[in-house]
There are 2 protein chains.
Amino acid sequence: MTDAPTAKGRATRARIVEGAAEVLREQGVAHTTLDDIRGRTGTSKSQLFHYFPAGKDELLLAVAQFEADRVLEDQQPHLGRLDSWESWHRWRDAVVERYERQGDHCPLGTLFLQVGRSSPGARAIVTELMRQWQRHLASGIRALRTNGLVASALDVDRTAAALLAGVQGGVTIMMSTGDSTHLKAALDTGIEHLRTAAGEPART
Amino acid sequence: MTDAPTAKGRATRARIVEGAAEVLREQGVAHTTLDDIRGRTGTSKSQLFHYFPAGKDELLLAVAQFEADRVLEDQQPHLGRLDSWESWHRWRDAVVERYERQGDHCPLGTLFLQVGRSSPGARAIVTELMRQWQRHLASGIRALRTNGLVASALDVDRTAAALLAGVQGGVTIMMSTGDSTHLKAALDTGIEHLRTAAGEPART
DNA sequence: CGAAAAATGGACCAGCAAGTCCAGACTGGC
DNA sequence: GCCAGTCTGGACTTGCTGGTCCATTTTTCG
């Protein structure tokens with residue numbers, strides 16, 4: 001992924017990606033030019049093309065990967081340890097907090113749409129992110145099952161997929177409306193569904 | 001909304017919007033120029049600006065409204081009559097069918113991102129769509145409750161919000177990965193949750 | 001019919017932003 | 001210290017695209 005012979009080169013490349021991510025968050029991909037990125041990162045045009053020979057698209061893809069990595073990182077350590085109801089709620093709070101802080105803007109969504117579904121790389125990044133995310137959720141549900149907190153008959157993968165969809169949709173809606181109600185509803189209802197599926201009453 | 005004195009004018013305007021929607025679906029907003037739209041709709045540059053004086057953004061906004069209207073229309077008549085489990089399942093199938101047919105592309109999402117959150121109009125369109133969509137779902141849940149099919153203690157609005165988020169996220173994921181698994185999982189789990197909340201067993 | 005308003009065609013303009021290029025500075029191994 | 005490879009600077013080119021303008025045709029309506 002990081003192709004740069006010298007340490008200095010790698011540092012510059014990283015600086016470009018991080019700076020570009022900042023600018024893109026602020027202005028959106030539609031209104032961000034290479035000159036904006038150049039200005040922000042204190043680099044020159046030739047450097048941009050030196051590290052991303054294929055041009056803007058390649059740079060955007062690198063930023064997309066950068067952002068994708070952050071998505072799961074920002075949910076840690078909660079996402080990796082979903083073995084009790086308390087931990088699930090801590091994760092829930094972390095997700096809400098993360099996206100409320102991020103505000104009305106979706107780095108990945110924008111980048112993905114710009115680079116387009118045509119791009120082989122863009123789709124791969126998103127697909128892989130979703131795969132990992134869902135894997136974490138499924139692991140969490142299995143941990144609950146191991147601890148006897150949910151019924152063993154529960155379809156783990158389907159439930160994880162539904163929960164992931166809920167979070168994703170909640171975030172999407174929040175981007176559009178500025179309101180986190182749906183995200184919270186999806187998370188709370190999803191967790192409640194897990195509880196209910198255990199045969200316990202829905203109420204806490 | 002439709003400002004055109006003569007019938008011919010209105011027809012041309014509509015032709016532009018519909019044609020633009022087609023082109024945008026095929027090429028994505030990022031790679032669509034006014035010339036593409038002009039070519040597809042058999043119009044001239046001056047017509048585009050005659051009917052959309054504010055330029056491209058205004059046209060994109062009109063297309064967004066056009067697409068938003070279709071979203072709910074395509075779910076009818078099922079969405080308007082969610083008063084039994086059968087009707088819910090018919091709706092579920094209609095949604096899946098609609099989005100699988102649409103394929104890996106989100107007219108609204110793209111347009112929204114292009115016009116940007118800065119635009120006052122774009123956000124209004126999406127917000128209103130979500131509001132109406134959720135209202136329909138909530139009505140459906142209330143109908144179930146009236147018919148004694150779900151527990152009266154259920155938080156209708158929150159459940160509707162969660163379901164909407166699930167559908168939205170399922171669609172989003174499908175756009176990115178080309179796989180409708182998550183959409184189906186969200187729908188099925190959401191409906192199952194309604195059933196479970198009624199105190200009935202989760203299984204059909 | 002005739003004039004005013006609306007609709008249409010398409011040439012033209014201007015700015016912008018991606019991408020090119022080459023000259024020069026640094027750096028790291030020998 | 002020297003040479004090859006790497007990194008950096010920034011001016012320049014070029015194509016595209018949104019937007020303007022005006023001439024011409026068509027429609028409406030009294």
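Which residues of the largest nonpolar core touch the most other members? In this predicted model, select A:Val63, A:Ala64 and A:Leu164 together with B:Val63, B:Ala64 and B:Leu164; these touch the most other members of the largest nonpolar core, which holds 108 residues.

Next, centre the view on B:Val63. Leaving aside residues up to four places away in sequence, B:Val63 touches B:Val17, B:Ala20, B:Ala21, B:Leu24 and B:Leu111.

Then display DNA strand D and the 23 residues around it. Of these, A:Gly9, A:Ser44, A:Ser46, B:Leu34 and B:Gly55 come nearest. To see which elements give two or more residues to this surface, select helix H1 (7–27) and helix H3 (45–51) in chain A, then helix H1 (7–27), helix H2 (34–41) and helix H3 (45–51) in chain B. H3(A) supplies the largest share of the surface near DNA strand D, namely four residues. Colouring the surface near DNA strand D by residue class shows five nonpolar, 12 polar and six charged residues.

Finally, turn to the domains of chain A. The domain assignment places domain 1 at 7–53 and domain 2 at 68–197. Taken over C-alpha atoms, the centres of domain 1 of chain A and domain 2 of chain A are separated by 29 Å. Select the contact between them: domain 1 of chain A gives five residues and domain 2 of chain A gives five residues. On the side of domain 1 of chain A that touches domain 2 of chain A, the residues comprise three nonpolar, one polar and one charged.

Notes: Residues numbered from 1 in each chain as written. Chains lettered and ligands numbered in written order. Predicted model: local features only at pLDDT ≥ 70, side-chain atom pairs only at ≥ 80, totals over all residues. Core = buried A, V, L, I, M, F, W, Y, C linked by C-beta atoms within 7 Å. Buried ≥ 20, exposed ≤ 12 C-beta atoms within 10 Å, placed from the backbone. Contact = placed C-beta atoms within 7 Å. Near = placed C-beta within 6 Å. Nonpolar A, V, L, I, M, F, W, Y, C, P; charged D, E, K, R; others polar. Domains from an automatic or database assignment.
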